[in-house]
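Biologist: Could you pick a single part of this structure and take me through it closely? After that, I'd like to see what else is worth a look in the rest of it.

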Amino acid sequence: MSIDTDRTVESTTANGSDLGASLSVKDLRIAYGEVEAVKGISFDIRPGEFLTLLGPSGCGKTTTLRCIAGLEPASGGSITIGDTVVAAPGKHVQPEKRGINMVFQSYAVWPHMTVARNVGYGLKGVSKQEADHRVEEVLELVGLAPYAQRYGTELSGGQQQRVALARAIVTRPKLLLFDEPLSNLDAGLREQMRFEILELQRAVGITAVYVTHDQTEAMSMSDRVVLLRDGLIEQADTPREMYRRPRSEFAATFVGRANALPATITGSRDRAEVHGIPNPVVAAEAAAGEGASVAAVFRAENVKAGAEAEGLENAWSATVTRFGYLGRTLDVQYAVGDHEVRGELAPDTPLTPGQAITIGVAATDVHFVPRAEA
Amino acid sequence: MAVKQLRTALVAVLAAGALALAGCSSTPAPAPTDDTAGGYDPTTATSTPADDMEALVAAAQAEGALTLYTDGTLATQQAWAAEFTAKYGIQVSIVRDSGGPLYQKFAQEEAAGQGQADIFGNIDALSLDDAIDNGWLTEYTPEGGPAFPADRSRAGYYYPYLMGSSHSVIYNTNNVTPEELAEVQENPLKALADPKFKGRIGLCPPQLAMLAAAFWYQYTDGDGASDVGWEGLADIAANVAIITDTATLTQNVIQGEVDFAFPVADSLVGNALKADPNTPIAFVYPSPTVGTQFGMGVVTDSPHPAAARLFAEWASSLEGSDGLAELSGNLNLREGGVDGRAYSELDWFTPVDLDTVVNSAVYTQDEAFRDAAGPDGDFLGHWSQVFGYAG
Amino acid sequence: MSLLQKGSRPSAEQRTDGNRLEAATVSISTKTKVQRRRPPSPLSVVTLIVLLGLVVAPLVMVFIGAFLNGAPGLPKSDWSLKAILSVYASPDYLWPLVGTLILAVVTAGLSVVIGTLFAWLVARTNMFIRRVLEWGVILPLFISPFIGAVAWNLLGAPRSGIINTNLRWLLGLDDDAVLINISTMPGVVFVMLLYFMPYAYQLVGSSLRNMDPGLEEASYMNGRGIIATAFKVTLPIVRPALTAAFFMIAILATGVFTIPLALGVNTGFAPLGMHVYLKMTQFPVNPPVAAAIGTLIFWLTLLGIYFYRRSIRNARRFVTLGGKATRRREVKLGWMRVPATVLVALFGLFAAVLPIIALLITALTPYAMTDFRSMQFSLETITQVLGSIDVWNSLLNTVWLSLLAPTLAVLVAFAVAYVVVRERGRLGGALDYLATFPVAVPGIVFAMGILWLYIRTPIYATVAVLTIALVAAFLPTATRFSTTGLMQIDPSLEEAARMSGASRMRAALTITLPLVRPAILAAWSLLFIFASREVNETVLLALPSTRPLAVLAWDHINANDPGAAAVVSILLMLFMAAGLLIARFVFRTRLDSSNL
């Protein structure tokens, strides 16, 4: 497959997807002067796949995305879209020649153009009739057909978001990039748009790279999640694996609500000593060698209390320090020795602050991961 | 990458250098073409025999335009040039500035091979001589040239096409009482030292023009020194309200801001009275005073050489020089020229005693004066100090 | 993850682990860190070359000129340290230097105080006829400061000025009573104030209008009154605009020479700018010393530029464009309402109405007459001036100059702003500084450099050389407008265009340019006025065939013909008004103080 600079020619891929291209990022480095924001990351995306770059602000996820877009130059490594190398040492294909499109965090709807002109902007070299038809089609798809002649600034945030989306897909890109597109929307709309975007991506069969710091978005939308931290990949997995088997303390605490107790592996490698807790913490699988500093990681929803905790491999006597009612669950914080442990209980569980209670976690729910260096 | 950056920087520097070079390398002036060996060439001739006048007029009209650099009064020069245009159909542009800056502009253009001027006129004989020394003025003797006084000309180069003028003390006729006027007419500079004139006097500083410097020099080191001297000037300084150029001074006297002003060329009063005879202005000549005339010459690299020569012919003719005298309200120095002075019939006018007029041709050759008023001399500084002048 | 852990690095094992996404694509970085910097873009290199020719080369010529003993290019000119030593190594220019600084600081300080007060009164209070009075503050921009000074000399000369002459008989005072004397240093400051204060008003005014009303409302909610709110909230927020205005005016005042000259001040002190002019025009003409003084002013204003740039940089941080269009609370002035109205009205009277009346009188009287009792009027001066071909030739030159210079200045400035704001390359900083440089050099000194540079090129003696001088002189203003305008545009708007397949050029033309249009038009309108009225830059370069109206007026003043100068000045004002009205229709922009 080749990247056609002429967008009027539709290319079909042999990869099963109509439009999507594969993307391969190899040892990508991006430096601003002396500061390196991305320090050598590699990942691949199959055609039609939805991949999310997740991470806290400053981790380099947006920089990576902009580098794929061609808006930032790479200082090392290579990026290949389909069969075309678009960035490599000494090579930088201009963004408009990459055959991709992008949805921006700020929507970037041009205020001096109508919705129709915004959407039709990228259809250069297409006959007017064809362009009008495609604009109409795409606006229909995002439900904005009645607003075609409005100006971008006259629309609500959600509608502007749809304009941006329509504008990004009307050019039939091989790869669609999303830069935190939902972060400016209110909670209800965000959830709705999440599904709309996903539906659209599936329908068009486009390859998507999505950047967010919101783990819920990442988990609910992606085929795979790449977790970034300080310009390096912390973990790359399917959402399910990422959640179930975090590979680091950071991955565990960033995705979902997890407890991480500092521990030291004992002679039996499925056990670890935690300072201030009488019994070693037990996990289902063995970890690195004896004496290794690890974090014993377990999810809040896996922390049982009272009768349910009885008979679990890990059971500790704890004190309820505080709790909050979240509707579906009760968010509880316990004190176990010097440590704080967060748990979730059924919403109608009767609790009082200071109450002594036994809590427990099944060994299968505990993982030992390398401890983050202090 | 470093190499690439270096290269970019180098390109930028080279381009800038090229620009600067474009500014520095002088275009060689085109050599005068003299293909009519022995014959008359209206563009290079040093004089025009009567028989060739037609050829000159034809060549000049073919050129069609002319630029005159002058430090004379703009309105007068324009009206005068209009007469030339009316006669020959040749447009005249006038560049008018004070003598010093005008010569500076002219010199820079000529040195750069960017000559704009066809005729260069200046009150300052020194700059005219300097222009000749540099080869910027060419030799050309118009038919009427010899009819002008030889001691105010430089034969073959410039002639006082414009009239002579002498520096005077001008005054507002409405604001000066007859008694005050009598005192001033008796001995102007001595009288004006009287405290009753406090705040009523305007001066032209020596920095403004060499002529003004020569005037003041007469009263510090020349014939007027014994009568006035630096002490006398200090008394006058106490009465001074304005120190500025002569044009502004004339305006201020007419407006009544000051009642007296000096040294101001009598020709400026002539101009003002010519414009409106009711203007409340008159003058008296101090003794000694300085006098000069505007010399005009043909420019070597003139863009319109034939038109320039034709203008020189016309300006030196009786018709041309009388026209200027009438328009400017002054005396034509040419043999048989008119006295166009609007004031010469007025009762306050007393002709200047030419014996007391130090001519510019004299003082520009005076070494002592040139040293004192030059960049290394202390004359200008001393004057500024006495009068509290910042220039 | 806490900030303290920011320095933590995953172990090599982890990194390999983390990167093992697809077995086939595992790659462990073995290359050493490659420092790849973005090479300067072609646009930035071209812009740099333009700026080097436009700004640096003339400046270099001035510096070269200071090390000669005559104007560059003259046969007798040679290298010499004399001019430099006479300026830098003698006490002669020490007092003028100090005096110039004091003059600049006093003028700028007063301008900012009054400008801020007026801006606040117009923008925030219930002062009477605000819209009308605002024009009294804006109108002086249409009057060249030098023409204004000439007019004020007619008005305020101690003995014969229109004000003194007529109030004397109206009030029955002695014949030698002097009510106002403009030919003094306070007079110079007064006239500078009249014509420089509108800059402060304009800068502070737009800052006040852009301020989020909530900031002031919060102060009222916290029990603070009008005065306390103005001083504790409003003033600190517009402070960057205040400092920017202060340094801009201080720099202008440092180079001024036309105003003290036109007012005929001789107090034994002349500002440095006037010394430059005198050295260029008085006997003996001494261009090297003029150039050397020019370099002295350059160092002085360079300092001003440093602070000016610092203050406008902070201004960016303070941009508080309140998106919500809430109605702003109007401050009720109470008994102060009438005095405030009178105060602002007086400014308009002094800066615009009286000078224009003085010019009209001068144009209509046969020679300078100031006493209303004995005044005669005639149309002779007007018919004579309008009947001469010079005026129409000059008008044509003004048309060219006032259209070309702002357009080119805005284009170059937009390129500079684009490189500075968007490309953020290392050249950007240099370009930004270079584009501010012309502010540091008084017009006449800069024109000297342009003259020496271009006198040997074919463009000398054409309107092009005047245009070049003006484009360079206007660059700082144009760049300030373009940079601010561009910074308010979210870069993702352009990036979205690139992603939709537009080239850099197409994105700039179809997205960026339409969006910065308001800022560019505002700059253009302002520069149109500046180009029309400019004298300092053009007077040395103009020839009869290339002379614009403003220089024609100057020449008439020099040629002792204030009547003709007045007629030309009035014609010039009419031209500017007509030009702005046409621009308003062509560009469909609303004209008010914010975009003037």
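**A close look at one strand**

Modeller: Let's start with strand S3 (residues 50–54) of chain A: five of its five residues are buried, so the strand is largely enclosed by the rest of the structure. Buried here means that 20 or more other C-beta atoms lie within 10 Å of a residue's own, while 12 or fewer makes it exposed and anything in between partly exposed, with C-beta atoms placed from the backbone. Strands are DSSP runs of E with at least two residues, helices are runs of H or I with at least four, and both are numbered from the N terminus. Please keep in mind that this is a predicted model, where local features need pLDDT of at least 70, side-chain atom pairs count only at pLDDT 80 or more, and totals for chains, interfaces and linings use all residues. Residues are numbered from 1 along each chain as its sequence is written, and chains are lettered from A and ligands numbered from 1 in the order in which they are written.

In a regular strand the side chains alternate between the two faces of the sheet. In S3(A), A:Phe50, A:Thr52 and A:Leu54 point one way and A:Leu51 and A:Leu53 the other, and all are buried.

Now for the partners. Two strands pair if DSSP finds at least two bridges between them. S3(A) pairs in the parallel sense with strand S9 (residues 207–212) of chain A over five bridges, and A:Leu53 has A:Val211 as its bridge partner there. S3(A) also pairs in the parallel sense with strand S10 (residues 224–229) of chain A, over four bridges. In S10(A), A:Val226 is the residue opposite A:Leu53.

S1(B) and strand S2 (residues 91–96) of chain B run parallel, joined by six bridges, and B:Tyr69 faces B:Val95 in S2(B).

Back in chain A, you will find an antiparallel sheet. It is an open sheet of five strands in the order S2-S1-S4-S5-S6 (chain A). Strand S2 (35–45) and strand S6 (91–92) of chain A are the edges; each has a single partner strand, so one side of each is left without a neighbour in the sheet. Strand S5 (residues 84–88) of chain A meets S6(A) over two antiparallel bridges, with A:Ala88 opposite A:Lys91 in S6(A). Helix H1 (residues 61–69) of chain A lies across strand S1 (23–32), S2, strand S4 (76–81) and S5 of chain A, at about 115° to S1(A). For such angles, axes are lines fitted to C-alpha atoms, for helices over the stretch in contact, and the angle runs from 0 to 180 degrees between N-to-C directions. Contact means that the C-beta atoms of two residues, placed from the backbone, lie within 7 Å.

Two loops of chain A deserve a glance at the backbone. Most residues other than glycine have a negative phi, and most peptide bonds are trans. A:Ala108, in the loop between strand S7 (100–103) and helix H2 (115–120) of chain A, has a positive phi of about 55° although it is not a glycine. A:Ala108 counts as buried because it has 26 C-beta neighbours inside 10 Å. A:Glu180, in the loop between strand S8 (175–179) and helix H5 (187–204) of chain A, is not a glycine either, yet has a positive phi of about 40°. A:Glu180 has 20 C-beta neighbours inside 10 Å, so it counts as buried.

In chain B, look at the peptide bonds. The one from B:Phe262 to B:Pro263 is cis, with omega near -10°, and B:Pro263 sits in strand S7 (residues 260–265) of chain B. The bond from B:Ser287 to B:Pro288 is also cis, with omega near 0°, and B:Pro288 belongs to the loop between strand S8 (281–284) and strand S9 (289–293) of chain B.

Finally, the core. A nonpolar core is a set of buried Ala, Val, Leu, Ile, Met, Phe, Trp, Tyr and Cys residues joined through C-beta atoms within 7 Å. The largest has 422 residues, and those with the most contacts inside it are A:Ala296 and C:Ala245. Helix H21 (residues 504–533) of chain C gives the most to this core, 16 residues. Leaving aside neighbours within four places in sequence, the contacts of A:Ala296 include A:Leu261, A:Val281 and A:Phe368.
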